[in-house]
Amino acid sequence: MPRTPRDIALYTGLAIAGIGVLLLVIGPVIGDSLSPDTVLTVEPISYAGAITLIVGLALVAGTYLIARRAGSNSGSDSDSGVANWSQVTQDYFDTFSHDMGRPFRRILGREREVRARIEESGVELPESVRGLMDEIEQQAPSFRLMLENVRVLVELEDPNANSVMEPVDPAGIVRNIADRYFALAKEQGIELSWWAEPQEFGLVYGDAAAIDHVVTNLVDNAMKFASGNIEVRLTRNPTHYYIRVWDDGKGIPDSHLPHLFDRGWTPALAGRQEKSSSGLGLYIARTLCRRSDGDLAAESVAERGGVGAGTGEADGHYTSMTVMLPLRDRPEFGSNGHSGGGDGSQRGNGERIT
Amino acid sequence: MTQQRTGSSRGQKILVVDDESTSDLMRSVLRRLETEGFRPVVVQPSGDRVDGRQYETEALFALTEERPAAVLLDVRFGEYDEDRFMGLNILKKIVERDPSLPVLMFTQYAQGPYRDTAVAASLSVNAPVDFIDKLASPEEVLLRLRRLIGSAPDNVKIGQQFELDATNNAVYCHNEGEKNHIREIQGMKFEILKELATAYFRSEAEVVPFSRLERFSEGEDSRASLRVRIREIKVALGKAANREFGADELIINIRNRGYRLSPPRISGTSSTSGPQG
């Protein structure tokens with residue numbers, strides 16, 4: 001059904017043109033010949049048909065041209081409308097995120113300032129005050145991740161959203177994430193380690209923001225449940241590369257594993273202690289992996305429970321999340337995402353750079 | 001145009017272009033940089049109505065006058081709508097002037113469409129540009145900045161007691177104000193410790209695989225030989241520090257994959273006990 005004046009004009013033009021075609025077809029059959037002795041055996045109905053057709057086609061063409069000009073000025077076709085909606089939403093989120101982050105940045109800044117002054121003066125702090133300061137510091141990565149999760153959710157709602165392909169150093173991404181969580185892990189008595197096999201892992205084509213976000217979610221999750229160890233391992237085979245985040249937490253029962261990536265599923269359902277999760281992190285992580293033609297898989301051995309249950313190493317319980325992403329060939333120049341060559345390794349179209 | 005970007009951080013200038021440079025959050029970052037021997041140079045335009053364009057002008061002047069080793073640059077300047085992404089404009093100008101100057105950009109989030117815009121602007125000239133969230137700890141800022149500026153310096157501090165001097169192939173222990181040369185660590189043991197310290201400098205959590213360390217061991221069973229060398233290194237370092245390092249201290253074996261340095265942290269000083277140049 002036509003919904004806009006543009007649609008109404010278009011359909012009217014098509015209808016008029018259709019009537020014109022009809023008159024042209026039936027004219028010779030039902031009309032009288034005006035000049036039977038000449039080659040001009042055109043009936044009046046046919047004249048009317050031709051004029052009607054021309055008017056109809058002119059209306060269609062005019063409508064199309066006006067719509068095209070308007071589209072180039074303001075993006076009024078449906079695709080541009082979606083793009084505008086997405087951009088507007090992202091802009092709103094940007095402002096919202098900036099404003100929401102400001103009070104937390106102030107609190108965090110004040111805490112760091114006070115901590116620095118106290119350490120300089122050598123004053124011994126009451127346990128409760130130190131606990132409060134540690135808590136503020138510990139919440140910073142979660143707050144960062146929460147804002148990122150909301151941003152990515154907004155982005156995923158955009159029907160035109162695509163992965164942005166660029167040369168990516170997966171080891172660099174893992175290293176940055178390890179830097180972000182290392183000190184915090186140490187404070188909590190957790191050994192956070194990472195390695196790449198091979199050690200000089202090299203570049204791949206991928207969506208850097210998506211990889212960063214997925215692995216951050218997995219490490220953040222592991223931080224909540226690890227008993228004492230978190231390991232991030234980066235490996236590859238000829239077709240894919242893998243990022244595995246392993247923790248020696250008490251694991252997830254088999255019955256809960258199928259629900260792990262459901263939107264809104266929370267660890268509380270699996271009997272874990274964390275209650276504050278939104279249940280979005282793993283859902284977003286898997287969605288991002290699949291958008292890049294990869295996947296995210298979970299493997300876990302749950303704690304047997306009972307008195308004397310040991311650490312993951314001793315008791316055998318663990319949770320392992322593995323990101324699998326394809327080793328892509330280099331996209332055509334300028335066809336997708338960034339086309340610049342920041343890595344110095346681009347040597348020709350279609351070339352795999354790993 | 002810029003100063004030497006490898007080696008010690010001593011005296012290297014870091015240009016700070018951020019309208020919130022006097023905030024507590026930024027002060028903690030500046031303090032950390034100073035602790036590490038960097039010299040932060042803060043761009044601070046004067047006037048009643050300071051907008052993003054003034055920061056841009058001052059920053060470009062400072063680039064020439066101060067010759068920094070790297071730039072810490074904010075994306076968003078002030079509350080004026082036209083300055084929302086002034087940092088990206090400044091980045092573009094910096095990259096035009098000196099494509100090899102490392103720039104670490106502060107954003108409220110280090111991903112998203114504006115990061116993509118900035119990456120697209122910078123990648124075309126192969127500029128060393130990285131992005132970091134404003135909520136990042138001073139430690140994280142320092143590590144990212146170091147990696148942007150260059151490779152591991154000749155002197156790597158391992159925790160607060162040990163120092164590896166790659167120029168003189170020597171390891172020192174700082175004990176009650178004294179700096180003692182640990183003579184037992186030389187040859188293959190020094191090379192193993194250097195490999196571990198270099199990885200530790202890059203990323204505290206990075207494991208060095210056995211394969212990389214076994215180059216410095218000998219005999220038919222290189223893994224066993226490596227194990228012996230690691231034990232000897234721990235004993236030598238422990239002796240110098242008047243303590244004994246257990247299996248999960250100082251140099252730890254990660255699930256039969258490799259080794260990682262894990263220097264003991266001294267209580268209450270977590271913000272200053274990372275790898276130092």
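# A tour of two chains

Start in chain B and select L250(B), which is found in strand β11 (residues 250–254). Strands here are DSSP runs of E with at least two residues, helices are runs of H or I with at least four, and both are numbered from the N terminus. What is the phi of L250(B)? The value is positive, about 65 degrees, although L250(B) is not a glycine. Now show the surface around L250(B). L250(B) counts as buried, at 0% relative accessibility. Buried means under 20% relative accessible area, exposed means over 50%, and partly exposed lies in between (1.4 Å probe, protein chains only).

A word on what is on screen. This is a predicted model, in which local features need pLDDT of at least 70 and side-chain atom pairs count only at pLDDT 80 or more, while totals for chains, interfaces and linings use all residues. Residues are numbered from 1 along each chain as its sequence is written, chains are lettered from A and ligands numbered from 1 in the order written, and side-chain values use heavy atoms, leaving out hydrogens and water.

## Stop 1: chain B as a whole

Colour chain B by secondary structure. Chain B has 277 residues, and 57% of them count as buried. Next, consider the contacts (heavy atoms within 4.5 Å). Among those in chain B between residues at least 6 apart in sequence, 65% join residues at least 24 apart.

## Stop 2: the parallel sheet

Select β1 to β5 of chain B. These five strands form an open sheet in the order β2-β1-β3-β4-β5, with parallel pairing. Two strands pair if DSSP finds at least two bridges between them. Which strands lie at the edges? They are β2 (39–42) and β5 (129–133) of chain B, and each pairs on one side only. Look along the sheet: the twist averages 25 degrees from one strand to the next.

Zoom in on β3 (residues 70–74) and β4 (residues 103–107) of chain B. They pair in the parallel sense over four bridges. Pick L73(B): its bridge partner in β4(B) is M105(B).

## Stop 3: a run of hairpins

Move to β6 (residues 155–158) of chain B. It pairs with β7(B) in the antiparallel sense over four bridges. Select N155(B): its bridge partner in β7(B) is D165(B). The hairpin of β6(B) and β7(B) has three residues between the strands, and G159(B) takes a positive phi near 65 degrees there.

Stay on β7(B) and show side chains. In a regular strand the side chains alternate between the two faces of the sheet. Are the side chains of β7(B) buried or exposed? F162(B) and L164(B) on one side are buried, as are E163(B) and D165(B) on the other.

Four bridges join β7(B) to β8(B), and the two run antiparallel. E163(B) stands opposite Y172(B) in β8(B).

Click N169(B), in the loop between β7 (162–165) and β8 (170–175) of chain B. This hairpin has four residues between its strands, and N169(B) takes a positive phi near 50 degrees. N169(B) is partly exposed, with a relative accessible area of 42%.

## Stop 4: chain A

Switch to chain A. Its secondary structure comes to eight helices and seven strands. Of its 354 residues, 44% count as buried. Residues 24 or more positions apart make up 68% of the contacts in chain A with a separation of 6 or more.

Select P198(A), in the loop between β2 (191–196) and β3 (204–206) of chain A. Check the peptide bond from E197(A) to P198(A): it is cis, with omega near 0 degrees.

## Stop 5: two crossing helices

Finish with α4 (residues 127–157) and α7 (residues 281–291) of chain A. Their axes come within 11 Å and cross at roughly 45 degrees. The helices α4(A) and α7(A) are therefore oblique to each other. Angles under 35 degrees count as roughly parallel, over 145 as roughly antiparallel, 65 to 115 as roughly perpendicular, and the rest as oblique. The crossing of α4(A) and α7(A) is left-handed, meaning that the near helix is turned anticlockwise from the far one by less than a right angle (clockwise would be right-handed).

Show the contact residues. From α4(A) come N149(A), V152(A), L153(A), E155(A) and L156(A). From α7(A) come G281(A), Y283(A), I284(A), T287(A), L288(A) and R291(A). Colour them by type: six are nonpolar, three polar and two charged. Here Ala, Val, Leu, Ile, Met, Phe, Trp, Tyr, Cys and Pro count as nonpolar, Asp, Glu, Lys and Arg as charged, and the others, Gly among them, as polar.

Terms used:
Axes are lines fitted to C-alpha atoms, for helices over the stretch in contact, and angles run from 0 to 180 degrees between N-to-C directions.
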